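Hi everyone, thanks for coming along.

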Amino acid sequence: MLASWYDAQGPAADVLRVGELPDPVPGPGEVRVRVTVSGVNPGDTKKRRGWLGSSMPFPRVIPHSDGAGVIDAVGAGVDVHRVGQRVWVYGAQSYRPFGTAAQYTVVPDHQAAPLPDHLSDELGASLGIPGITAHRTVFADGPVEGQLVLVHGVLGGVGSLAAQLAHWAGATVIATVRRTADLDHVDPAVAHAIALDTGEPAAAIRSYAPRGVDRIIEVALSDNADLDNAVAANNAVIAAYATRSDRTEIPFWPLLFNNVTLRLLGSDDFPAEAKRQAARDLTSAAAVGALTVAVGDGHPLDDIAKAHDRVDAGGGHGRILVTIPQ
């Protein structure tokens, strides 16, 4: 099969290779997927760079955890009727060496979720890490129907899906963007949008949530801790999946007296059943048109280094995808 891999960490152009590798064979409980589209996440490029001092987990890594394609072979114990089924894949390179940046990938059966025929491969390849992370930020502390949910960074991959999932589940969503110029990019049918460069973002948020917000989906805890404290309702939850400072400070005593829960979320280590429920809910929401993903330009597999560089540079508002030759 044609695949991309790296056997040392470093800049994308220096370490990513493209060439022929043996076709993988599914083991017991596994399926093999012929990949059409591979999704690139910041986590994929951080592993390649050796972020936070991480080392090579395997001698050779085929990158990317997310993708979409068609099951073409199954291992022992898997229903043979799955062969020919369109699927979206998550966690392919989570604690495993063989991701989706290849013509074939092998994953545990449950990590290949059915993709309804009317949904695109590009959408399917965009649901894995950002979608499952978004689902966990919204639902880890129970249903959100009737609640007020604040989503920071709503134009990002996780933030966008978190806002849409919360809206789909019956919450009132308030969402932030960095700049006033970005307000027009937020769907008013999904969320009330607030720009953080306004003079009083806390007052603007409180105008929609006078008693405070029940859940806060946080992409930059180090930047927003004081703002979150100013708008959190009593017993609120701050679900943080990222920060911009490794040693993040928080207003401890005000949050404590407000009985705020701080939940930290690392997607590779979510409980297995939480991931399965997220996959089911993401598929259901997408199937009824409740989820959309902004997709950037696709990169062919032999141009994968440029796709990684775009993600490392911030990626813009579109999902970065790699198209796999058939």
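**Pockets, a cavity and a sheet**

Let's begin with the second largest pocket: its lining residues divide into 4 nonpolar, 2 polar and 4 charged. Here Ala, Val, Leu, Ile, Met, Phe, Trp, Tyr, Cys and Pro count as nonpolar, Asp, Glu, Lys and Arg as charged, and the others, Gly among them, as polar.

A word on the source: this is a predicted model, where local features need pLDDT of at least 70, side-chain atom pairs count only at pLDDT 80 or more, and totals for chains, interfaces and linings use all residues. Residues are numbered from 1 along each chain as its sequence is written, and side-chain values use heavy atoms, with hydrogens and water left out.

Back to that pocket, whose volume is about 160 Å³. Points are joined across faces, edges and corners, and a volume is the space filled by probe spheres set on them.

Which element gives the most to this lining? That is helix H9, with 4 residues. Strand S7 (112-114) and H9 (272-287) each supply at least two; helices (H or I, at least four residues) and strands (E, at least two) are DSSP runs numbered from the N terminus. The lining residues include Arg82, His110, Arg276 and Arg280.

The largest cavity has a volume of about 90 Å³, and among its lining residues are Asp66, Tyr90, Asp268 and Lys275. That lining divides into 3 nonpolar, 5 polar and 3 charged.

On to the sheet, which is open and parallel, with 6 strands in the order S10-S9-S8-S11-S12-S13. Strands S10 (192-195) and S13 (261-264) stand at the edges with a single partner strand each, so one side of each has no neighbour in the sheet. Pairing means that DSSP finds at least two bridges between two strands.

Finally, strand S11 (residues 213-218): 6 of its 6 residues are buried, meaning under 20% relative accessible area (1.4 Å probe, protein chains only). Leucine 150 has isoleucine 216 in S11 as its bridge partner, and glutamate 218 has alanine 240 in S12.

Methods:
On a 1 Å grid over the protein atoms alone, a cavity is a set of points where a 1.4 Å probe fits but cannot get out, and a pocket is an open set with protein on both sides within 12 Å along at least five of seven lines; lining residues have an atom within 4 Å of a point. Buried means under 20% relative accessible area, exposed over 50%, partly exposed in between (1.4 Å probe, protein chains only).
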